[in-house]
Amino acid sequence: MGNLFCCAQVGQSQVAMKENFGRFSEVLEPGCHFVPWILGSNIAGYLTLRLQQLDVKCETKTKDNVFVNVVASIQYRALADKADDAFYKLSNTRAQIQAYVFDVIRATVPKLNLDDVFEQKNEIARAVEDELEKAMSAYGYEIVQTLIVDIEPDKHVKHAMNEINAAARMRVAATDKAEAEKIIQIKRAEGEAESKYLSGLGIARQRQAIVDGLRDSVLGFSENVPGTSAKDVMDMVLITQYFDTMKDIGASSKSSTVFLPHGPGAVRDVAAQIRDGLLQAQPMQR
């Protein structure tokens, strides 16, 4: 119907190329236009001015001989004031952009090690954008943004990188664990040393108190009972303690069977052994 009335409609964000007898005439803006086909005018085609995106996946090799797939995302659009160049000078815009991306990536990435590729992806994107801007501006296209959206090494390389990272983290964890165990052992040893020191002081004071109590008892009994010697008093005190101990053992409900030599001679031997032990320990405490 539009051809019948020699009218053509151009949509929003588009331009149309008008030709007269096969020769470019003008760029038609969005709207309705009179195109008298009977006078040799016609619409050669339409060109979108919208922002377009092209994802390019390029396989290349790094400086340390690791093959990687680099995915670049190119955002571009045709310029309205150069629409005729964009329409007539390029037959396949996407293939042209892809060729330039391949060229720049394969010239840049082989100069870098794998770790540097990840760290310098912005520099790689900037190099691609600069090269595309210079090349595509002559064809009426503007490069709006270039992004390196993915860098994917071979799966075996990724696995090895993960193993290296895991080993490094395990080494740090083992070092921290060993340091913690070292601190625990030191603190435990310090605690045991302090405990034994305090226990020794307690035992020493206990023995000193026993010796002091026995001495006071012997001196008091000797003064109140004339004719008794210190040895007699000590024997009596020790025998009394011996029988008290036997009584406590027998009175305990949880006591086991205990076999001890018993008799006057046995009591005398026990008293002699206890007395000798106390008399030997007393000089040591002092």
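Glu 142 is partly exposed, with a relative accessible area of 25%. The model is predicted. Glu 142 pairs with Arg 77 in a salt bridge, and their closest N and O atoms are 3.0 Å apart. Arg 77 sits in strand S7 and Glu 142 in strand S8 (residues 141-153), so the bridge ties together parts that are 65 residues apart in sequence. Arg 77 is also partly exposed, because its relative accessible area is 35%, a value between the 20% limit for buried and the 50% limit for exposed.

## Other salt bridges

The structure holds five salt bridges. Among them is the pair of Glu 26 and Lys 18, whose closest N and O atoms are 3.5 Å apart. How do the two partners stand in accessibility, buried, exposed or partly exposed? Glu 26 is partly exposed at 36% relative accessibility. Lys 18 is buried, because its relative accessibility is 10% and buried means under 20%.

Another of the five joins Glu 131 and Lys 134. Their side chains meet at 3.8 Å, N to O. The salt-bridge cut-off is 4 Å, so this pair qualifies. Both residues lie in helix H4. They are three residues apart, about one turn of the helix. Glu 131 is partly exposed, with 27% relative accessibility. Lys 134 is exposed, with 61%.

## Packing of H2 and H4

Helix H4 also takes part in a helix pair. Two packed helices are described by the angle between their axes and the distance between the axes. Helix H2 covers residues 93-108, and helix H4 covers residues 121-136. They pack at an angle of about 135°, and their axes are 9 Å apart. That angle makes H2 oblique to H4. The reasoning rests on the cut-offs: roughly antiparallel needs an angle over 145 degrees, and roughly perpendicular runs from 65 to 115. What is the handedness of the crossing of H2 and H4? The crossing is right-handed.

Most residues other than glycine have a negative phi. Ser 13 is placed in the loop between strand S1 (7-10) and strand S2 (14-20). At 27% relative accessibility, Ser 13 is partly exposed.

Asn 65 has a positive phi too, about 60°, and is not a glycine. Its loop lies between strand S6 (52-61) and strand S7 (67-78). Asn 65 counts as exposed, because its relative accessibility is 55% and the threshold is over 50%.

## S6, S7 and the loop between them

Val 66 is found in the loop between S6 and S7. Is Val 66 buried or exposed? Val 66 is buried, with a relative accessible area of 12%. The C-alpha atom of Val 66 is separated from that of Asp 154 by 7.7 Å. Along the chain, Val 66 and Asp 154 are 88 residues apart.

Thr 60 belongs to strand S6. With a relative accessible area of 6%, Thr 60 is buried. How far apart in space are Thr 60 and Val 70, C-alpha to C-alpha? The distance is 7.6 Å, for residues ten apart in sequence.

## Nonpolar surface patch

Trp 37, Ile 38 and Leu 39 form a nonpolar patch on the surface. Together they have about 370 Å² of accessible area. Where is Leu 39 found? Leu 39 is in the loop between strand S4 (31-34) and strand S5 (41-48). Leu 39 is exposed, because its relative accessibility is 57% and exposed means over 50%.

Phe 21 lies in the loop between S2 and strand S3 (23-28). Phe 21 is exposed, with a relative accessible area of 71%.

Note on methods:
Residues are numbered from 1 along each chain as its sequence is written. This is a predicted model: local features need pLDDT of at least 70, side-chain atom pairs count only at pLDDT 80 or more; totals for chains, interfaces and linings use all residues. Side-chain values use heavy atoms; hydrogens and water are left out. Patches are made of residues with over 30% relative accessible area and no salt bridge: like charges are joined within 9 Å, nonpolar side chains (Val, Leu, Ile, Met, Phe, Trp, Tyr) within 5 Å. Accessible areas come from the Shrake-Rupley method with a 1.4 Å probe; for residues, only the protein chains shown count as cover. Helices (H or I, at least four residues) and strands (E, at least two) are DSSP runs, numbered from the N terminus. Buried means under 20% relative accessible area, exposed over 50%, partly exposed in between (1.4 Å probe, protein chains only). Axes are lines fitted to C-alpha atoms, for helices over the stretch in contact, and angles run from 0 to 180 degrees between N-to-C directions. Angles under 35 degrees count as roughly parallel, over 145 as roughly antiparallel, 65 to 115 as roughly perpendicular and the rest as oblique. A crossing is left-handed if the near helix is turned anticlockwise from the far one by less than a right angle, and right-handed if clockwise.
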